[in-house]
Amino acid sequence: VRYIKDMKVPVCSAHEIRIKVRVCALDGLDKKVLRGEFSSFVALPLTPGYQVSGVVDQTGSSVRNFTKGDAVVAIIPLDTRYGGLGSYVIVNHINAIKKPESVEHVDAAAILLDGLRIYHSLHYLASIKPSHFVGIACEDLALTHVALQVLKAIKDVKVIIISKSGGYTYKEYGSFIVRVVDPSMESTVDCVMQETGGLGLDLILDFRDNDQGFGGTVGDGKGDKAETDPQDDRKHLDHREKIEEEVVGRMDTPCPVKKSVIIRCLAVHGRWITSNTHLQLHPHESLQLAMRSASLCFLFEQTWLLSPKQQGKYLHILEDLMQGLKKKVLKPLVAKRIKLEEVRSALKHLRVSSGGGKIAVLVNNGDEA
(Lines give C-alpha, C1' and ligand atoms only; values in the text may rest on other atoms or scores of the structure.)
Protein backbone atom coordinates (compact mmCIF):
# COMPACT_ATOMS: atom_id res chain seq x y z
CA VAL A 1 0.00 0.00 0.00
CA ARG A 2 1.48 3.34 -1.06
CA TYR A 3 0.41 6.93 -0.39
CA ILE A 4 1.05 9.13 -3.46
CA LYS A 5 0.92 12.92 -3.40
CA ASP A 6 0.40 15.35 -6.28
CA MET A 7 -1.36 13.02 -8.69
CA LYS A 8 -2.93 14.55 -11.77
CA VAL A 9 -6.58 15.54 -11.22
CA PRO A 10 -8.80 13.39 -13.49
CA VAL A 11 -11.15 14.95 -16.02
CA CYS A 12 -14.66 13.56 -16.42
CA SER A 13 -16.23 12.54 -19.73
CA ALA A 14 -19.68 13.48 -21.04
CA HIS A 15 -21.77 11.27 -18.69
CA GLU A 16 -19.57 11.50 -15.60
CA ILE A 17 -19.22 13.74 -12.59
CA ARG A 18 -16.06 14.49 -10.63
CA ILE A 19 -16.54 14.37 -6.87
CA LYS A 20 -14.25 16.19 -4.47
CA VAL A 21 -14.21 13.57 -1.73
CA ARG A 22 -15.01 14.69 1.82
CA VAL A 23 -15.25 11.26 3.43
CA CYS A 24 -14.47 7.74 2.26
CA ALA A 25 -15.55 4.97 4.66
CA LEU A 26 -13.40 1.84 4.75
CA ASP A 27 -15.12 -1.52 4.40
CA GLY A 28 -14.23 -5.19 4.37
CA LEU A 29 -14.58 -5.01 0.57
CA ASP A 30 -11.38 -2.92 0.47
CA LYS A 31 -9.48 -5.69 2.26
CA LYS A 32 -10.85 -8.38 -0.05
CA VAL A 33 -9.79 -6.41 -3.14
CA LEU A 34 -6.30 -5.69 -1.80
CA ARG A 35 -5.66 -9.34 -0.96
CA GLY A 36 -6.57 -10.28 -4.54
CA GLU A 37 -9.92 -11.97 -3.96
CA PHE A 38 -11.39 -10.41 -7.12
CA SER A 39 -8.20 -10.52 -9.19
CA SER A 40 -9.99 -12.17 -12.11
CA PHE A 41 -11.66 -8.87 -13.00
CA VAL A 42 -10.03 -6.24 -10.77
CA ALA A 43 -6.54 -5.30 -11.92
CA LEU A 44 -3.90 -4.25 -9.39
CA PRO A 45 -2.49 -1.73 -8.61
CA LEU A 46 -5.53 0.41 -7.89
CA THR A 47 -6.88 2.99 -5.47
CA PRO A 48 -9.42 1.35 -3.10
CA GLY A 49 -12.35 3.04 -1.39
CA TYR A 50 -15.89 2.16 -2.45
CA GLN A 51 -18.25 4.36 -0.42
CA VAL A 52 -17.82 8.11 -0.66
CA SER A 53 -19.55 11.34 0.22
CA GLY A 54 -18.44 14.65 -1.22
CA VAL A 55 -19.19 17.63 -3.42
CA VAL A 56 -19.55 17.74 -7.20
CA ASP A 57 -16.50 19.53 -8.57
CA GLN A 58 -17.05 19.06 -12.31
CA THR A 59 -19.81 17.71 -14.55
CA GLY A 60 -19.71 16.20 -18.02
CA SER A 61 -21.37 17.89 -20.96
CA SER A 62 -24.37 15.51 -20.95
CA VAL A 63 -25.07 15.65 -17.20
CA ARG A 64 -28.25 17.52 -16.28
CA ASN A 65 -29.18 16.20 -12.82
CA PHE A 66 -26.13 17.57 -10.97
CA THR A 67 -24.40 20.93 -10.85
CA LYS A 68 -21.11 22.02 -9.37
CA GLY A 69 -21.36 22.32 -5.59
CA ASP A 70 -24.03 19.64 -5.07
CA ALA A 71 -23.38 17.38 -2.07
CA VAL A 72 -23.58 13.77 -3.26
CA VAL A 73 -22.96 10.17 -2.20
CA ALA A 74 -21.94 7.25 -4.37
CA ILE A 75 -20.81 3.65 -4.23
CA ILE A 76 -17.80 3.18 -6.49
CA PRO A 77 -18.02 0.21 -8.91
CA LEU A 78 -15.63 -2.63 -8.13
CA ASP A 79 -13.92 -2.45 -11.54
CA THR A 80 -12.99 1.23 -11.11
CA ARG A 81 -9.23 1.83 -11.21
CA TYR A 82 -9.27 4.94 -9.01
CA GLY A 83 -11.49 4.65 -5.94
CA GLY A 84 -12.50 6.99 -3.16
CA LEU A 85 -9.25 7.09 -1.18
CA GLY A 86 -8.06 10.15 -3.03
CA SER A 87 -8.91 13.82 -3.32
CA TYR A 88 -11.15 13.24 -6.33
CA VAL A 89 -13.12 10.37 -7.80
CA ILE A 90 -14.92 10.06 -11.14
CA VAL A 91 -18.30 8.29 -11.29
CA ASN A 92 -21.05 7.89 -13.85
CA HIS A 93 -23.79 10.36 -12.93
CA ILE A 94 -26.42 7.59 -12.84
CA ASN A 95 -24.61 5.95 -9.90
CA ALA A 96 -24.78 8.98 -7.56
CA ILE A 97 -27.55 10.68 -5.61
CA LYS A 98 -27.77 13.99 -3.75
CA LYS A 99 -27.06 13.99 -0.03
CA PRO A 100 -29.59 15.67 2.27
CA GLU A 101 -28.18 18.86 3.73
CA SER A 102 -28.80 17.80 7.34
CA VAL A 103 -26.89 14.51 6.98
CA GLU A 104 -23.17 14.50 7.85
CA HIS A 105 -20.71 13.31 5.21
CA VAL A 106 -19.33 10.73 7.67
CA ASP A 107 -22.71 9.10 8.29
CA ALA A 108 -23.65 9.24 4.61
CA ALA A 109 -20.48 7.43 3.50
CA ALA A 110 -20.41 4.92 6.37
CA ILE A 111 -23.89 3.49 5.76
CA LEU A 112 -23.77 2.96 2.00
CA LEU A 113 -22.43 -0.60 1.57
CA ASP A 114 -23.91 -2.03 4.77
CA GLY A 115 -27.28 -0.46 3.99
CA LEU A 116 -27.19 -1.84 0.45
CA ARG A 117 -26.35 -5.32 1.80
CA ILE A 118 -29.30 -5.27 4.21
CA TYR A 119 -31.85 -3.91 1.72
CA HIS A 120 -30.63 -6.35 -0.94
CA SER A 121 -30.98 -9.26 1.50
CA LEU A 122 -34.31 -8.39 3.11
CA HIS A 123 -36.30 -6.94 0.24
CA TYR A 124 -34.88 -8.52 -2.91
CA LEU A 125 -33.40 -11.90 -1.94
CA ALA A 126 -35.72 -12.77 0.94
CA SER A 127 -38.96 -10.73 0.67
CA ILE A 128 -39.11 -10.32 4.45
CA LYS A 129 -42.61 -10.37 5.95
CA PRO A 130 -44.14 -9.41 9.32
CA SER A 131 -43.95 -12.18 11.96
CA HIS A 132 -40.88 -13.77 10.36
CA PHE A 133 -38.14 -15.19 12.59
CA VAL A 134 -34.74 -13.88 11.43
CA GLY A 135 -31.32 -15.16 12.45
CA ILE A 136 -28.28 -12.88 12.07
CA ALA A 137 -24.93 -14.69 11.97
CA CYS A 138 -22.38 -11.90 11.96
CA GLU A 139 -19.27 -10.70 13.77
CA ASP A 140 -19.34 -7.26 12.13
CA LEU A 141 -20.94 -5.02 14.76
CA ALA A 142 -21.45 -2.14 12.32
CA LEU A 143 -23.32 -4.33 9.83
CA THR A 144 -25.37 -5.98 12.59
CA HIS A 145 -26.51 -2.57 13.87
CA VAL A 146 -27.69 -1.46 10.42
CA ALA A 147 -29.54 -4.77 10.00
CA LEU A 148 -31.28 -4.35 13.35
CA GLN A 149 -32.28 -0.76 12.60
CA VAL A 150 -33.90 -1.81 9.31
CA LEU A 151 -35.55 -4.90 10.82
CA LYS A 152 -36.99 -2.94 13.73
CA ALA A 153 -39.22 -1.03 11.32
CA ILE A 154 -40.86 -4.28 10.12
CA LYS A 155 -43.88 -5.27 12.20
CA ASP A 156 -43.65 -8.31 14.50
CA VAL A 157 -40.28 -9.54 13.22
CA LYS A 158 -38.31 -11.50 15.82
CA VAL A 159 -34.52 -11.69 15.71
CA ILE A 160 -32.01 -14.22 17.04
CA ILE A 161 -28.37 -13.13 16.89
CA ILE A 162 -25.80 -15.91 16.49
CA SER A 163 -22.49 -14.39 17.49
CA LYS A 164 -19.64 -14.45 19.95
CA SER A 165 -20.90 -11.11 21.17
CA GLY A 166 -18.36 -10.62 23.95
CA GLY A 167 -21.15 -9.79 26.36
CA TYR A 168 -22.88 -7.27 24.07
CA THR A 169 -26.64 -7.66 24.66
CA TYR A 170 -28.23 -5.26 22.13
CA LYS A 171 -30.64 -4.08 24.86
CA GLU A 172 -31.17 -0.74 23.12
CA TYR A 173 -33.21 -2.53 20.44
CA GLY A 174 -35.83 -3.86 22.84
CA SER A 175 -37.73 -7.11 22.90
CA PHE A 176 -37.74 -7.85 19.17
CA ILE A 177 -34.30 -9.44 19.74
CA VAL A 178 -35.44 -12.60 21.51
CA ARG A 179 -31.99 -14.11 22.09
CA VAL A 180 -28.26 -13.70 21.55
CA VAL A 181 -26.68 -17.14 21.04
CA ASP A 182 -22.96 -17.71 21.57
CA PRO A 183 -22.27 -20.92 19.57
CA SER A 184 -19.07 -21.58 21.48
CA MET A 185 -21.01 -21.78 24.74
CA GLU A 186 -24.40 -23.30 23.87
CA SER A 187 -26.12 -25.39 21.23
CA THR A 188 -27.25 -23.12 18.39
CA VAL A 189 -29.91 -25.54 17.13
CA ASP A 190 -31.38 -26.11 20.62
CA CYS A 191 -31.58 -22.36 21.29
CA VAL A 192 -33.18 -21.58 17.92
CA MET A 193 -35.77 -24.35 18.24
CA GLN A 194 -36.58 -23.29 21.80
CA GLU A 195 -37.27 -19.69 20.76
CA THR A 196 -39.21 -20.56 17.59
CA GLY A 197 -41.38 -23.28 19.08
CA GLY A 198 -39.55 -25.95 17.10
CA LEU A 199 -40.32 -24.31 13.74
CA GLY A 200 -36.91 -22.83 12.90
CA LEU A 201 -35.84 -19.57 11.28
CA ASP A 202 -37.58 -18.17 8.23
CA LEU A 203 -34.43 -16.30 7.24
CA ILE A 204 -30.76 -16.54 8.18
CA LEU A 205 -28.52 -13.59 7.27
CA ASP A 206 -25.04 -15.13 7.18
CA PHE A 207 -22.59 -12.22 6.97
CA ARG A 208 -18.97 -13.17 7.54
CA ASP A 209 -15.67 -13.43 5.74
CA ASN A 210 -14.83 -16.42 3.54
CA ASP A 211 -12.27 -17.76 6.01
CA GLN A 212 -14.40 -17.33 9.12
CA GLY A 213 -16.31 -20.25 10.48
CA PHE A 214 -20.00 -19.46 9.82
CA GLY A 215 -21.34 -22.16 7.60
CA GLY A 216 -17.92 -23.78 7.27
CA THR A 217 -15.79 -23.89 4.15
CA VAL A 218 -13.75 -26.60 2.49
CA GLY A 219 -10.51 -26.91 4.41
CA ASP A 220 -11.81 -26.19 7.90
CA GLY A 221 -9.75 -29.08 9.25
CA LYS A 222 -11.11 -31.83 11.46
CA GLY A 223 -14.37 -29.97 12.07
CA ASP A 224 -15.20 -29.98 8.37
CA LYS A 225 -14.24 -33.64 8.06
CA ALA A 226 -16.60 -34.55 10.88
CA GLU A 227 -19.32 -32.47 9.29
CA THR A 228 -19.21 -34.38 6.00
CA ASP A 229 -19.99 -37.70 7.68
CA PRO A 230 -23.72 -38.37 7.07
CA GLN A 231 -23.64 -41.34 9.46
CA ASP A 232 -23.09 -39.10 12.46
CA ASP A 233 -25.59 -40.23 15.13
CA ARG A 234 -26.77 -37.17 17.08
CA LYS A 235 -29.35 -38.98 19.17
CA HIS A 236 -26.89 -40.04 21.85
CA LEU A 237 -24.93 -36.82 22.20
CA ASP A 238 -25.07 -35.07 25.54
CA HIS A 239 -25.37 -31.26 25.72
CA ARG A 240 -21.62 -30.65 25.71
CA GLU A 241 -21.08 -32.92 22.71
CA LYS A 242 -23.84 -31.11 20.83
CA ILE A 243 -21.96 -27.85 21.26
CA GLU A 244 -18.67 -29.40 20.16
CA GLU A 245 -20.42 -30.90 17.12
CA GLU A 246 -21.49 -27.43 15.98
CA VAL A 247 -18.12 -25.75 16.38
CA VAL A 248 -15.52 -26.13 13.67
CA GLY A 249 -12.14 -27.36 14.83
CA ARG A 250 -10.41 -24.05 14.14
CA MET A 251 -11.39 -22.21 17.31
CA ASP A 252 -9.53 -18.99 16.54
CA THR A 253 -12.28 -17.96 14.10
CA PRO A 254 -14.71 -15.37 15.46
CA CYS A 255 -17.86 -17.52 15.37
CA PRO A 256 -17.32 -20.96 13.85
CA VAL A 257 -20.75 -22.48 13.09
CA LYS A 258 -20.97 -25.39 10.67
CA LYS A 259 -23.02 -25.48 7.49
CA SER A 260 -25.16 -28.38 8.68
CA VAL A 261 -26.06 -26.43 11.85
CA ILE A 262 -27.27 -23.43 9.85
CA ILE A 263 -29.36 -25.72 7.64
CA ARG A 264 -30.87 -27.44 10.70
CA CYS A 265 -31.87 -24.02 12.06
CA LEU A 266 -33.91 -23.23 8.92
CA ALA A 267 -37.68 -23.51 8.89
CA VAL A 268 -39.62 -25.15 6.08
CA HIS A 269 -39.38 -22.79 3.07
CA GLY A 270 -36.63 -20.94 4.95
CA ARG A 271 -33.94 -18.96 3.20
CA TRP A 272 -30.22 -18.84 3.93
CA ILE A 273 -28.49 -15.73 2.57
CA THR A 274 -24.71 -15.80 2.67
CA SER A 275 -21.87 -13.50 1.60
CA ASN A 276 -19.42 -16.42 1.62
CA THR A 277 -18.29 -16.68 -2.00
CA HIS A 278 -16.28 -19.85 -1.23
CA LEU A 279 -19.23 -21.78 0.19
CA GLN A 280 -19.72 -25.33 -1.12
CA LEU A 281 -22.40 -27.81 -0.06
CA HIS A 282 -21.95 -31.55 0.20
CA PRO A 283 -24.66 -33.83 -1.24
CA HIS A 284 -26.21 -34.66 2.14
CA GLU A 285 -26.38 -30.92 2.96
CA SER A 286 -28.18 -30.23 -0.31
CA LEU A 287 -30.59 -33.02 0.62
CA GLN A 288 -31.28 -31.34 3.98
CA LEU A 289 -32.10 -28.09 2.19
CA ALA A 290 -34.30 -29.87 -0.36
CA MET A 291 -36.29 -31.71 2.32
CA ARG A 292 -37.13 -28.34 3.87
CA SER A 293 -37.95 -26.81 0.48
CA ALA A 294 -35.42 -24.22 1.66
CA SER A 295 -33.08 -22.17 -0.50
CA LEU A 296 -29.59 -20.71 -0.46
CA CYS A 297 -28.91 -17.23 -1.90
CA PHE A 298 -25.56 -15.57 -2.43
CA LEU A 299 -25.25 -11.89 -1.53
CA PHE A 300 -22.88 -9.68 -3.51
CA GLU A 301 -23.76 -6.02 -3.15
CA GLN A 302 -21.71 -4.88 -6.16
CA THR A 303 -24.11 -6.78 -8.44
CA TRP A 304 -26.20 -3.59 -8.59
CA LEU A 305 -23.28 -1.70 -10.14
CA LEU A 306 -21.93 -4.44 -12.41
CA SER A 307 -25.24 -4.54 -14.27
CA PRO A 308 -27.50 -1.53 -14.98
CA LYS A 309 -30.60 -3.75 -15.34
CA GLN A 310 -32.25 -2.55 -12.11
CA GLN A 311 -30.73 0.92 -11.82
CA GLY A 312 -33.97 2.51 -10.61
CA LYS A 313 -34.27 0.06 -7.70
CA TYR A 314 -30.63 0.63 -6.77
CA LEU A 315 -31.06 4.40 -6.62
CA HIS A 316 -34.27 3.92 -4.62
CA ILE A 317 -32.27 1.98 -2.01
CA LEU A 318 -29.70 4.78 -1.73
CA GLU A 319 -32.48 7.37 -1.43
CA ASP A 320 -34.11 5.30 1.33
CA LEU A 321 -30.82 5.14 3.23
CA MET A 322 -30.34 8.91 3.02
CA GLN A 323 -33.92 9.53 4.17
CA GLY A 324 -33.38 7.10 7.04
CA LEU A 325 -30.34 9.13 8.14
CA LYS A 326 -32.25 12.38 7.73
CA LYS A 327 -35.14 11.13 9.89
CA LYS A 328 -32.65 9.63 12.39
CA VAL A 329 -34.13 6.18 11.91
CA LEU A 330 -30.75 4.91 10.71
CA LYS A 331 -27.34 5.64 12.20
CA PRO A 332 -24.11 3.88 11.20
CA LEU A 333 -21.64 2.74 13.82
CA VAL A 334 -18.42 4.70 13.24
CA ALA A 335 -15.44 3.62 15.34
CA LYS A 336 -13.00 6.36 14.41
CA ARG A 337 -12.13 9.10 11.96
CA ILE A 338 -8.68 9.32 10.40
CA LYS A 339 -6.90 11.55 7.92
CA LEU A 340 -6.03 10.39 4.40
CA GLU A 341 -2.35 10.38 5.35
CA GLU A 342 -3.07 7.69 7.96
CA VAL A 343 -4.94 5.35 5.63
CA ARG A 344 -1.89 3.25 4.71
CA SER A 345 -1.59 1.96 8.25
CA ALA A 346 -5.37 1.58 8.59
CA LEU A 347 -5.59 -0.59 5.46
CA LYS A 348 -2.82 -2.88 6.68
CA HIS A 349 -4.72 -3.62 9.89
CA LEU A 350 -8.23 -3.50 8.41
CA ARG A 351 -10.34 -6.57 9.12
CA VAL A 352 -12.97 -7.81 6.69
CA SER A 353 -15.41 -7.85 9.62
CA SER A 354 -15.19 -4.45 11.30
CA GLY A 355 -15.71 -5.60 14.88
CA GLY A 356 -15.94 -2.18 16.52
CA GLY A 357 -17.44 -0.08 13.72
CA LYS A 358 -16.52 1.71 10.52
CA ILE A 359 -13.37 3.75 9.87
CA ALA A 360 -14.15 7.08 8.20
CA VAL A 361 -11.30 8.62 6.22
CA LEU A 362 -11.50 12.42 6.14
CA VAL A 363 -10.27 13.72 2.79
CA ASN A 364 -9.57 17.32 1.72
CA ASN A 365 -9.15 18.27 5.42
CA GLY A 366 -12.50 16.65 6.22
CA ASP A 367 -14.41 19.83 5.40
CA GLU A 368 -18.07 19.62 6.36
CA ALA A 369 -17.57 16.08 7.62
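These legends walk through several close-up views of one predicted protein model.

Because the model is predicted, local features need pLDDT of at least 70 and side-chain atom pairs count only at pLDDT 80 or more, while totals for chains, interfaces and linings use all residues. Residues are numbered from 1 along each chain as its sequence is written, and side-chain values use heavy atoms, with hydrogens and water left out.

View 1. Helices (H or I, at least four residues) and strands (E, at least two) are DSSP runs, numbered from the N terminus. Of the 369 residues in the protein chain, 55% count as buried. Here, buried means under 20% relative accessible area, exposed means over 50%, and partly exposed lies in between (1.4 Å probe, protein chains only). Take the contacts between residues at least 6 apart in sequence: 75% of them join residues at least 24 apart. Contact means heavy atoms within 4.5 Å.

**View 2. Helix α3 (residues 112-125) on its own.** This helix has 14 residues and reaches 18 Å from its first C-alpha to its last, close to the 20 Å expected at 1.5 Å a residue. The expected span is 1.5 Å times one less than the number of residues. Since 12 of the 14 residues of α3 are buried, the helix is largely enclosed by the rest of the structure. Among these buried residues are Leu 113, Leu 116, His 120 and Leu 125. After α3 comes Ser 127, whose phi is positive, near 50°.

**View 3. Ser 121, a residue of helix α3.** Ser 121 has 0% relative accessibility, so it counts as buried. Leaving aside neighbours within four places in sequence, Ser 121 is in contact with Ala 126, Leu 205, Phe 207, Ile 273 and Leu 299. Leu 205 is 84 residues away along the chain, yet its C-alpha atom and that of Ser 121 are separated by 7.6 Å.

**View 4. Helix α3 packing with helix α4 (residues 141-152).** Two packed helices are described by the angle between their axes and the distance between the axes. For α3 and α4, the angle is about 50° and the axes are 9 Å apart. That makes α3 oblique to α4. Axes are lines fitted to C-alpha atoms, for helices over the stretch in contact, and angles run from 0 to 180 degrees between N-to-C directions. Angles under 35 degrees count as roughly parallel, over 145 as roughly antiparallel, 65 to 115 as roughly perpendicular and the rest as oblique.

View 5. The 12 residues of α4 should span 16 Å at 1.5 Å a residue, and the end C-alpha atoms are 16 Å apart, which agrees. With 11 of its 12 residues buried, α4 is largely enclosed by the rest of the structure. Its buried residues include Leu 141, Thr 144, His 145 and Gln 149.

**View 6. Helix α3 packing with helix α11 (residues 311-326).** This pair packs at an angle of about 120°, with axes 10 Å apart. The two helices are therefore oblique to each other. On the α3 side, the contact is made by Leu 112, Gly 115, Leu 116, Tyr 119 and Tyr 124. On the α11 side, Lys 313, Tyr 314, Ile 317, Leu 318, Asp 320, Leu 321 and Met 322 take part.
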